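Keep the structure open as you read.

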Amino acid sequence: MNSVTVSRTIDAPLETVRESMDRIGPFIKASGADEGTEVTATTTFELGVPLVGDALDSTVIERQRRSELAAQFDWLARVC
């Protein structure tokens, strides 16, 4: 099992960040926020049938997942 973890500090009160995270259910299940409003999200994945090779497949999936998490963090920063 592989995983990708991304953290970002959101410039908003902790309660506002938590309320906003609740609006996107899957995101909140994979993340947490501390008192400094640093939010950390982790997603895991398994490689299925290798298309090119495990290392390349893993790299492609990790980049995609990081991009998806970054988009969710961008949204979170906008709504807070």
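## Basis

This is a predicted model, in which local features need pLDDT of at least 70, side-chain atom pairs count only at pLDDT 80 or more, and totals for chains, interfaces and linings use all residues. Residues are numbered from 1 along each chain as its sequence is written, and side-chain values use heavy atoms, with hydrogens and water left out.

## Strand pairing

In β3, the bridge partner of T9 is E38. That pair belongs to the eight bridges that join β1 (residues 2-9) to β3. The two strands run antiparallel. Helices (H or I, at least four residues) and strands (E, at least two) are DSSP runs, numbered from the N terminus. Two strands pair if DSSP finds at least two bridges between them.

Strand β2 (residues 31-33) also runs antiparallel to β3, with three bridges. Here G32 has T40 of β3 as its bridge partner. Four residues lie between β2 and β3 in their hairpin, where T37 takes a positive phi near 50 degrees.

## Two faces of β3

Strand β3 spans residues 38-45. Its covered face carries V39, A41, T43 and F45. E38, T40, T42 and T44 make up the uncovered face. In a regular strand the side chains alternate between the two faces of the sheet.

## S58 in helix α3

S58 sits in helix α3 (residues 54-79). S58 counts as buried because its relative accessibility is 10%; buried means under 20% relative accessible area, exposed over 50%, partly exposed in between (1.4 Å probe, protein chains only).

Leaving aside neighbours within four places in sequence, S58 is in contact (heavy atoms within 4.5 Å) with N2, F45 and L47. The side chains of S58 and N2 make a polar contact at 2.9 Å. Such a contact is a pair of N or O atoms within 3.5 Å; within protein, one must be able to donate a hydrogen and the other to accept it, and residues adjacent in sequence count only if both atoms are side-chain atoms.
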